[in-house]
Amino acid sequence: MASMKLPDSAPSPTQDSERLSRALQGRGVDENVIVWILGHRNAFQRKEIKETYQQLYKESIIYRLHSKLSCVLKKAMVLSMNEAPERDAILAHKALKRKWKKVNQLQALVEIACASSPHHLMAVRRAYCSLFQCSLEEDIVSNVSTSLQKLLVSLVSSYRHDRGFVELNIAKSDAAKLHEAIEKKQLDNDDVVWILATRNFFQLKATFGCYKQRYKVAIDQAINSSGNGDSSFMLRAVILCIDSPEKHFAEVIRASTVGQWSTDKDSLTRAIVTRAGIDMKKIKGEYFKMSNTNLDDVVTREVSGVYRDFLMALIGGKF
């Protein structure tokens, strides 16, 4: 369920491009106009604007936005104007190339592999090679600690069948294997990685259901209880992205706004930009359930300026 409020009758891509060109001219960039247009267009409309702008002005609007905007607004706008495979390839590359990487930033790789379709993952891998002259798998091996390499490489290199057929006996068997590994705190066990990286999403959801039915606890809660290391954190993200992506992204947003010193704007931007046209209404519902607070109110409180206005447009809030 998308969240953005689109106009009943949107201007043509040519009209939008002309307004954006005027807003991006000279020293005084009209950020409010840019936010009003791009914050109220869906992915298809933004693609049309990007193509039309290039035809009209022989210049990439992404390049123009990058050169004229600054700080977090620039990052959010540029991400939103890239098509989904290129956008996610850029997010993966940034997560891998950070000098001081935290495990929560590597969640972007899990989200790409587990919170979208197998076809999208393949498109991201192709985009990654095209943009960075290196495979996503190679960069994981070069930039991620050994303890997480096996899981992440397996996830991004997998191609799952996108089908709804479920074999219940396999689900029960896989649930038992996962339970044994969790009980023994062997979360990097080959069986765990193989099951989570190769089974189709419908089969895995059945496995998680069998786990809860047989062991009287949700598998993500069981992993939480087994330890607080990087492996447990990442495995829980895998399971939530497959079983309840709206809950995962609600948790990402909440974690990004509860820091002692400042808001993690990169994580906040990633969650909102990547899910705005998909399931933001569900995410807002999950966020309210876990914090008893409206996401609109949190965004208004935690960030400011035109960046806040853009995020509010993407989540369908008032600004």
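Which side-chain oxygen reaches to the backbone nitrogen of Asp191 at the start of H12? In this predicted model, local features need pLDDT of at least 70 and side-chain atom pairs count only at pLDDT 80 or more, while totals for chains, interfaces and linings use all residues. Residues are numbered from 1 along each chain as its sequence is written, and side-chain values use heavy atoms, with hydrogens and water left out.

At the start of H12, the oxygen belongs to Asn189 and lies within 2.6 Å of the backbone nitrogen of Asp191. Helices are DSSP runs (H or I, at least four residues), numbered from the N terminus. Helix H12 spans residues 190-198, and its buried residues are Val192, Val193, Ile195, Leu196 and Ala197; buried means under 20% relative accessible area, with a 1.4 Å probe and protein chains only. The cover over these buried residues includes H10, helix H11 (168-183), helix H13 (201-215) and helix H15 (230-243), where contact means heavy atoms within 4.5 Å.

Two packed helices are described by the angle between their axes and the distance between the axes. The axes of H9 and helix H10 (residues 146-157) cross at roughly 170 degrees and come within 9 Å; axes are lines fitted to C-alpha atoms over the stretch in contact, and angles run from 0 to 180 degrees between N-to-C directions. H9 and H10 are therefore roughly antiparallel, a term for angles over 145 degrees. From H9, Leu136, Glu137, Ile140 and Val141 meet Gln149, Leu152, Val153, Val156 and Ser157 of H10. By class, this contact has six nonpolar, two polar and one charged residues; Ala, Val, Leu, Ile, Met, Phe, Trp, Tyr, Cys and Pro count as nonpolar, Asp, Glu, Lys and Arg as charged, and the others, Gly among them, as polar.

Helix H6 (residues 84-97) has 14 residues and reaches 20 Å from its first C-alpha to its last. Its buried residues are Pro85, Arg87, Asp88, Ala89, Ile90, Leu91, Ala92, Ala95 and Leu96. These residues pack against helix H5 (71-81), helix H7 (107-114), helix H8 (118-132), helix H9 (136-143) and helix H17 (265-275).

Two loop residues complete the description. Cys134 lies in the loop between H8 and H9 and counts as buried because its relative accessibility is 17%. Beyond residues up to four places away in sequence, Cys134 touches Tyr128, Cys129 and Asp139. Thr263, in the loop between helix H16 (245-256) and H17, counts as buried at 11% relative accessibility. A polar contact of 2.9 Å joins the side chains of Thr263 and Glu302; such a contact is a pair of N or O atoms within 3.5 Å, and within protein one must be able to donate a hydrogen and the other to accept it, residues adjacent in sequence counting only if both atoms are side-chain atoms.

Definitions and conventions:
The expected span of a helix is 1.5 Å times one less than its number of residues. Buried means under 20% relative accessible area, exposed over 50%, partly exposed in between (1.4 Å probe, protein chains only). Angles under 35 degrees count as roughly parallel, over 145 as roughly antiparallel, 65 to 115 as roughly perpendicular and the rest as oblique.
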